[in-house]
Amino acid sequence: MSTHEHVEEHFAGTNKLFISVWIWLVVLTAIEVFLAYKPMSIFLMLTILLGLSIIKAALIVAYFMHLRFERLSLVLTIVPMLVVCICLLFAFFPDSFRSLGLRYQFKEAPPPPPVEQEH
Amino acid sequence: MSTEARAVHFPAADWEGGTHPYRVGHRKLGMWLFIVSDSLTFSALLIGYAYLRASNVWPTPFPFYPSIVFASVMTFCLLSSSLTMVFGVSASSRGDKAAARKWILATMFFGAAFVVLHLIEWNHLMHEGLGPFRLPDHWVQVFTTTDGQMPSPLFGATFFTITGLHMFHVATGLIYLGVVAARVKKLNHEDVEISGLYWHFVDLVWMFVFPLIYIMSVDIGGHLAK
């Protein structure tokens, strides 16, 4: 039967391409470390860091893991459902913020600092 | 009518899938599915960490040296190991098994360096007094807020669980790559490529663990050093 395809494919991508991807990954990591010491709001920092991480993950998946050179059907099977499942986990966050608000707020003088434990 | 016979009635051109709809072998597809499920495991852990962090007073204790320097060098090791793994898979696709083995051994070297550095870092934190459910006393003093709210002792639980599970994956990957390197002459190209997929996945997870666990917990004001 001739419909059997030969599964083994030539591994696409040149070494030059892989080295440039690696340089990008190292540079993005360096930016992350640099950002760590820039004073900014935690939400802005989180957004930037996650954005950079997603770019890095995409570079790894696309080039190192070769997904860019695979058939689109494989990409569409794997990626969207993973993104949806991860986003579903965000449903927990409203509860998380609520529990922070439930903490007892000291209205008068703050309590004494925690007692030093014996060594 | 047998499945094989029915396949004749659906020529490959109709849906462009033929007998390999994804144009990958079943083992490679299996590894992709494993990677998807493992991504969900790590996502759940990271979301759990974010949940705890958002609902508690959270310490930010990591100094530039040793924590951030170590973590950055570890990131560099993992990124480099991914590059050498790609070279190994590339050599294997050309049929150059000897070069493939050499590159896989280089990958294992970087992976082992990652594990060693990480264990030194763990050891350092445990010596400071960090445990899964316990913060070092001086961290508690420094990070207690002005209105008396104490930092969550679950910092250690999230830190050791997430980095520990990742380190377990790296260690497993080292064994896996060791087997592949030893048997590379008997394995076909796809097997080498599948081991590469696993290794790159371990690298990919660290791309999220590093900023969320380390960069987001930097002691910016140097509170602990004072």
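How many residues of chain A are in contact with how many residues of chain B? In this predicted model, the two chains meet through 54 residues of chain A and 55 residues of chain B. On the side of chain A that touches chain B, at least two residues each are supplied by helix H1 (15-36), helix H2 (42-64), helix H3 (72-89) and helix H4 (93-101) of chain A. Of these contributions, the largest share is that of H1(A), which provides 10 residues. When the residues on this side of chain A are sorted by class, 35 are nonpolar, 11 are polar and eight are charged.

With regard to confidence, the model as a whole scores an ipTM of 0.88 and a pTM of 0.87. For chain B, the mean pLDDT is 90, and 92% of the residues in this chain reach 70 or more. Where pLDDT is low, the predicted coordinates should not be read in detail.

The secondary structure of chain B consists of eight helices and zero strands, and along the sequence these elements follow the pattern α-α-α-α-α-α-α-α. The C-alpha trace of chain B spans about 75 × 40 × 25 Å along its principal axes. The radius of gyration of chain B is 23 Å, whereas a compact globule of 226 residues would have a value near 17 Å.

Within chain B, buried residues account for 38% of the 226 residues. Where contacts in chain B join residues at least 6 apart in sequence, 77% of them link residues that are at least 24 apart.

Terms used: Residues are numbered from 1 along each chain as its sequence is written. Chains are lettered from A and ligands numbered from 1 in the order in which they are written. This is a predicted model: local features need pLDDT of at least 70, side-chain atom pairs count only at pLDDT 80 or more; totals for chains, interfaces and linings use all residues. Two residues are in contact if their C-beta atoms, placed from the backbone, lie within 7 Å. Helices (H or I, at least four residues) and strands (E, at least two) are DSSP runs, numbered from the N terminus. Ala, Val, Leu, Ile, Met, Phe, Trp, Tyr, Cys and Pro count as nonpolar, Asp, Glu, Lys and Arg as charged, and the others, Gly among them, as polar. pLDDT is the predictor's confidence in each residue, from 0 to 100. The radius of gyration is taken over C-alpha atoms; the globule rule is 2.2 Å times the number of residues to the power 0.38. A residue is buried if 20 or more other C-beta atoms lie within 10 Å of its own, exposed if 12 or fewer, and partly exposed in between; C-beta atoms are placed from the backbone.
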